Structure formats: C-alpha cells, structure tokens
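Please look at the structure shown here and follow it step by step, from the overall fold down to single residues. Keep the sequence at hand, so that each residue named can be found in both.

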Amino acid sequence: MTDLSVTLGRLTLRNPVLVASGTFGYAKEMTAFVDFAKLGGVIPKTVTHAPRAGNKPPRTVETASGMLNAIGLDNDGLEHFLTHHLPYLRTLATAIVGNIAGKSEDEFVAMAARVHESRQGLSALELNLSCPNVAGGTDFASDPELTKRIVRRCRDVCPDLPLIAKLTPNVTDITLIARAAADGGADAVSAVNTFVGMAVDWRKRKPILGNVTGGLSGPAIKPLALRAVWRIAQLKAIPVIAVGGIATIDDVMDFLVVGATAVQIGTANFYDPTASMKVVDALPGALETLGAGSVCEVVGTLKV
Ligand SMILES: Cc1cc2nc3c(=O)[nH]c(=O)nc-3n(C[C@H](O)[C@H](O)[C@H](O)COP(=O)(O)O)c2cc1C
C-alpha cells in the first residue's frame, strides 16, 4: 500500500494534492464534479476583512498557454465566510485551508485572530501575502522584513492553526522571502501566486483587462514556478507547496522531485474540475515507477 500522506510543519494531509485558492470557489460549486474525500485539501477563495466588489471587467483573458486574471479579490468579507461558507466547508471529508488577505499588517493580524476563534473544521490558514491585483497587495511578500513580521504576529494570535505563507513570484529573489516566512514561524510556504503581466488590443490601442495588468497562470508559468520551488526547497528551511501550471501527474511528479512536499491545482480546475482527482488516482503508479512506496521518498530527489 503506497503511503500518500505528507507532513508540512504541523499540518498533515492524506495526500499532497490540494486545489488552489480562487480556482475552486468555496467548494459548493464543485460538489457535482469532485469527490472531496479524494483530495489532500481544499483552499477556498481568499477573503478580505470587508466585502470587495473586485475590479472592473473584463477580468480574465486567455493568452498563449496561460490566462491573465485581474479579479481583484471579489468576495463577501470574512464574517460572511465564517457564517455562510465555513459551515459547509466543515462538512467536507478533506482538509480545509482558509485563505485571508489583509490590507495592512494590523488587518492581517486581526483577521488571523478572528479565524483562530472560529477555527473548528479548519486544518490550516494560508496568508495571501501576494495578490497582484489589489493596490499594495504585492508589497507584503516583496519585503522580507514585512513578511516575517506578518507571519510572526499571525503566528502569535493563531497558536493552534498551522500557517502557510503564499508568496509572490514578482520579486528579485524569492528565497529571501521564503526564509523570512520560515523565520516568522510559518509551517510552509505556497509558491507561487501569479506573475504580473498584461495583454493589449493594438488595433484599439487598449489594454484588454479593465485593470490594465493582471496575473498570469496556467501552463505558461510552470517552468518559472518549478525553478522558484526548486530554489526555495534548496534552502531546506521550510516545506514548500508548489503551485503554478500544475495539471497532470507529470507536473505533480516534476514538482515533488524538485522539492515540493505538496502541490496545488489552480487554473486547470477551470477547464477540468476533475483534474485534482485524476492526479491523486495516478500518484501511486507514478511513485511506483520510481520504486517509491511513499511520497516522502521522492521529495527533493532531483539529481543535478
Ligand atoms: C481566476 C483566478 C483567481 C485567483 N484568485 C486567487 C485568490 O483569491 N487567492 C489566492 O491566494 N490566489 C488566487 N489565485 C492564484 C492561484 O491560486 C495560483 O496561485 C496561480 O493561479 C498559479 O497556479 P496555476 O497556474 O495552477 O493557476 C487565482 C488565480 C486565478 C487564475
């Protein structure tokens, strides 16, 4: 029997396959397609302190092998999440990882404290330090000191909830930020959020997205995410959850071998909501190909 379980700091998952925030709604939308009990975990859409209407449309555009989005964290706010979405999420037979974004350091801490009070049914909390579509949003995980401080202060108010820091790739050296998250006491980092880009219609001389710029995701970013994960894993400072262009079992295995302990499926959910289940089904066979009886045996085994 293959051992698919993985441990990231204080968080243990039945298998390493999660679905990424913002690509799976609040799970209810996916009930008809997905057997949640198969997944390692579900990360619902980011919630902010107050409700947000998000950016003006168009909010998404397809580009060569990837999509650009500028949703702008459209959500109904933390209290609505706790009273309307969390009760349903708690009933699912999989790990639920909450995801929050604060507008300021203090707001992050206040939100983390509020989530901790209502943590029943939550396995962990992901701090979205990296949304590129919200003014100032990228700034948190662009600055090692700020990252460390936010993680440390959230840690202090969340003693019983594993914390995951979600990092932006839009920085010069992501390893500095990963190290800061580790120093702040995070249990793991998620790498990466979307890469800032843009698309234009030259005939109209207009940007296509209402927000002008957006975040690139999907197959186009996989090689970039792979390198980021590999570099962070080499620090051996903190477990890494890989996210960026993962859609197939080969993608999953690539990321495990370079050093990810777990993975998130993002954009692939939009064109195949069953992608996460398919990779879970294929995982034992792929591990067997490498002669491995567990996920842990292949993590970080790249021969360079
Ligand atoms: C439409 C869309 C909305 C997203 N919303 C969020 C979000 O609310 N919070 C978050 O942490 N990441 C969000 N992301 C980023 C994804 O979780 C993921 O980090 C990124 O898309 C890279 O993975 P992928 O290439 O597999 O999609 C969003 C991505 C997309 C495409």
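A residue is called buried here if 20 or more other C-beta atoms lie within 10 Å of its own, and exposed if 12 or fewer do. With that in mind, consider helix α5, whose buried residues are Lys-222, Ala-225, Leu-226, Ala-228, Val-229, Trp-230, Ile-232 and Ala-233. In general, an α-helix has 3.6 residues a turn, so residues three or four places apart point the same way. The model in which these residues are found is a predicted one.

The protein contains eight helices and 16 strands. Its radius of gyration is 18 Å, close to the 19 Å that the globule rule gives for 304 residues, so the protein is as compact as a globular protein of that length. Along its principal axes, the C-alpha trace spans about 55 × 50 × 40 Å, and 50% of the 304 residues count as buried. Among contacts with a separation of 6 or more, 71% are made by residues 24 or more positions apart.

Where do the strands come together? A closed barrel of eight strands runs in the order β3-β4-β7-β8-β9-β10-β15-β16, with parallel pairing. Strands of a sheet pair through backbone hydrogen bonds, either parallel or antiparallel. Helix α2 (residues 105-117), in turn, lies across β7 (95-100) and β8, running at about 155° to β7.

Helix α2 contains Val-109, a residue that is buried, with 20 other C-beta atoms within 10 Å. Leaving aside residues up to four places away in sequence, Val-109 touches Arg-153, Cys-154 and Val-157. By contrast, the C-alpha atoms of Val-109 and Gly-40, which are 69 residues apart along the chain, are separated by 27 Å.

In helix α4 (residues 174-184), the buried residues include Ile-174, Ile-177, Ala-178 and Ala-181, and what covers the buried residues of α4 includes α3 (144-157), β9 (163-167), β10 (188-191) and α5 (222-235). After α4 comes Gly-185, whose phi is positive, near 100°.

For α5, what covers the buried residues includes α4, β10, β15 (240-243) and α6 (249-258). Just after α5, Lys-236 takes a positive phi of about 55°.

Which residues touch the most other members of the largest nonpolar core? In this core of 96 residues, they are Val-189, Ala-191 and Val-229, and α5 gives the most to the core, with seven residues. In soluble globular proteins, nonpolar side chains tend to be buried together. Not counting residues up to four places away in sequence, Val-229 touches Ala-191, Val-240, Ala-242, Phe-255, Val-258, Gly-259 and Ala-260.

Conventions. Residues numbered from 1 in each chain as written. Predicted model: local features only at pLDDT ≥ 70, side-chain atom pairs only at ≥ 80, totals over all residues. Helix = DSSP H or I, 4+ residues; strand = E, 2+ residues; numbered from the N terminus. Rg over C-alpha atoms; globule rule 2.2 N^0.38 Å. Contact = placed C-beta atoms within 7 Å. Pairing = 2+ DSSP bridges. Axes fitted to C-alpha atoms, helices over the stretch in contact; angles between N-to-C directions. Core = buried A, V, L, I, M, F, W, Y, C linked by C-beta atoms within 7 Å.
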